[in-house]
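Work through the exercises below with the model open. Try each task before you read its solution.

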Amino acid sequence: MLEGAKSIGAGAATIASAGAAIGIGNVLSSSIHSVARNPSLAKQLFGYAILGFALTEAIASFAPMMAFLISFVFQVP
């Protein structure tokens, strides 16, 4: 029973990958819209877009780490 719960927990932890993909899409979409509205701020907005991309990608890297932690570190006694 506990092994099944671990598998469910690891699977739920990987759902964050889908959220990260949606977040990256939102960041890039907002960047494109902002540059289309005000092209003179393209360089400044690019920096903000890269920062948003990096923070969103950090969440995507935490998801597999949590899945592995749940799967392999928490051992059943």
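This is a predicted model: local features need pLDDT of at least 70, side-chain atom pairs count only at pLDDT 80 or more; totals for chains, interfaces and linings use all residues.

Residues are numbered from 1 along each chain as its sequence is written, and side-chain values use heavy atoms, with hydrogens and water left out.

**Exercise 1. Find how many helices and strands the chain has, and decide why it is described as spread out.**

Step 1: Count the elements. Helices (H or I, at least four residues) and strands (E, at least two) are DSSP runs, numbered from the N terminus. The chain has three helices and zero strands. Its pattern along the sequence is α-α-α.

Step 2: The rule gives 11 Å for 77 residues, but the radius of gyration is 18 Å, so the chain is more spread out than a compact globule.

Step 3: Check the dimensions. The C-alpha trace spans about 60 × 15 × 5 Å along its principal axes.

**Exercise 2. Check the lengths of helix 1 and helix 3.**

Step 1: Get the expected span, which is 1.5 Å times one less than the number of residues.

Step 2: Compare. Helix 1 has 12 residues and should span 16 Å; its end C-alpha atoms are 16 Å apart, which agrees. Helix 3 (residues 42-73) has 32 residues and should span 46 Å; its ends are 45 Å apart, which also agrees.

**Exercise 3. Which residues of helix 1 are buried, and what do they pack against?**

Step 1: Apply the cut-offs: buried is under 20% relative accessible area, exposed over 50%, partly exposed in between (1.4 Å probe, protein chains only). K6, A10 and A13 are buried.

Step 2: Look down the axis. The arc uses the directions from the helix axis to the C-beta atoms. The buried residues fall within an arc of 60°, so they line one face of helix 1. S7 and I8, on the other side, are exposed.

Step 3: Find the partners by contact (heavy atoms within 4.5 Å). The buried residues of helix 1 pack against helix 2 and helix 3.

**Exercise 4. Which residues of helix 3 are buried, and what covers them?**

Step 1: List the buried residues: L45, A49, G52, T56, A60, A63 and A67.

Step 2: Name the cover. It includes helix 1 (2-13) and helix 2 (16-37).

Definitions and conventions:
The radius of gyration is taken over C-alpha atoms; the globule rule is 2.2 Å times the number of residues to the power 0.38.
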